[in-house]
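Please have a look at the model first.

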Amino acid sequence: MTLDAYNMSLILLVTLATFAMRAGGAVIMARAQLGPIATAAFEAMPVAVLTAVAAPAALTQGLPEAIAGAAAVIVGLRAPMAVVIVVAMATVVVMRQVLG
Amino acid sequence: MGARSQEFSAGAIAILPVLIATAPVAVLFGTLAVVKGLSPFEVWLMSATVFAGALQFVAIDQWADPAPLGLLVFTALVVNVRHVLMTASLGRSMTGFSGPTKYVAMFFLSDEAWAFAERRVREAGLTPAYYFGIGVSMWLVWTSSCLLGAVIGRGLGDPSAYGFNFAFSAVFICILVGFWSNWRTGVVLACSGAVSATVHLLVPGAWYIMAGAFAGVGVAAALHAEIDEQKTDGVMPS
């Protein structure tokens, strides 16, 4: 087991930076009174943020990923999440082989 | 079982598919970090305290001896600034959380935990026990799998060869499908997705998430302002 003081303090600083971002939203919003337009914006936030996180992986990585993303949407309308994951992963792997 | 432990189990069971997909990715992180010169204990410590999948991969990629401190802290802020948006949104639904509990909960936040929590908000309301069922089980799997990777070294090969990296995209798509309510959802989704993908292609780093998020939120606000104007004109909103 190695204990490196420099690495330790670096990990601590990165932890603090990470936690600051995570707690930041809650701190900012704790006392905010939102008008109707801001409320509409906040209600859209889960969809907007989640789409922004996921879109590049499905749209910019290539055809296998795009096809797998479309498959996930279609299967996701009916099937439970575990099935969607397996179908999407299998589609990526198979399509990479096929389109390779 | 009490109501609390039932909620905790419900959260842990809901996140189970994500846990299965996370483990190989965490093992990969452990192996990469050891190659970069971190000791297994340092790998575990970083996973346990930073607890951020994407950031840890970016950080370990930039790791050198000595590690560039300023760059890494700046990277942590940039990569994780999306969490400000996530917690600002989720914080509005955490009415059952006491002040200190809310901040402990934020420590366990990840993209996946946040997405599942927002889904729970819409389905049944979010209790602290459900949230910690998600967060604590993810923490346990992430930290133990990172450590496992650091100890066993290069054993499993690259998880992306088996499509594991796409498993997270599938999870997010699945949750998004459940978020659909009307045509406005589609407009937000299209704007956010188009801007995010475009910025991802043009701008290095993690800015694409903020860009896409603000595009989606902006268009939602604009649509709402439009409806307000229609109301004052005496036209019923659709």
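In which crossing, left-handed or right-handed, does H2(B) pass H10(B)? In this predicted model, H2(B) passes H10(B) in a left-handed crossing. The two helices, H2 (residues 16-35) and H10 of chain B, have axes 9 Å apart and pack at an angle of about 150°. Since angles over 145 degrees count as roughly antiparallel, H2(B) and H10(B) are therefore roughly antiparallel to each other.

Here is who meets whom in that packing:

| Helix | Residues in the contact |
|---|---|
| H2(B) | Val18(B), Ala21(B), Pro24(B), Val25(B) |
| H10(B) | Phe164(B), Ala167(B), Phe168(B), Val171(B) |

By class, the contact between H2(B) and H10(B) comprises eight nonpolar residues, with no polar and no charged ones.

Now to the chain interface. Here 57 residues of chain A are in contact with 75 residues of chain B. Helix H10 (residues 164-179) of chain B supplies the largest share of chain B's side, 13 residues. By class, that side of chain B holds 51 nonpolar, 17 polar and seven charged residues.

Finally, the core. The largest nonpolar core has 107 residues, and those with the most contacts inside it are Ala48(A), Ala88(A), Ala167(B), Ala170(B), Val171(B) and Phe172(B). Helix H2 (residues 36-59) of chain A gives the most to this core, 15 residues. As for Phe172(B), leaving aside residues up to four places away in sequence, its contacts are Leu50(A), Val53(A), Ala54(A) and Ala115(B).

Key:
Residues numbered from 1 in each chain as written. Chains lettered and ligands numbered in written order. Predicted model: local features only at pLDDT ≥ 70, side-chain atom pairs only at ≥ 80, totals over all residues. Contact = placed C-beta atoms within 7 Å. Helix = DSSP H or I, 4+ residues; strand = E, 2+ residues; numbered from the N terminus. Nonpolar A, V, L, I, M, F, W, Y, C, P; charged D, E, K, R; others polar. Axes fitted to C-alpha atoms, helices over the stretch in contact; angles between N-to-C directions. Parallel < 35°, antiparallel > 145°, perpendicular 65-115°, else oblique. Left-handed = near helix turned anticlockwise from the far one by under 90°. Core = buried A, V, L, I, M, F, W, Y, C linked by C-beta atoms within 7 Å. Buried ≥ 20, exposed ≤ 12 C-beta atoms within 10 Å, placed from the backbone.
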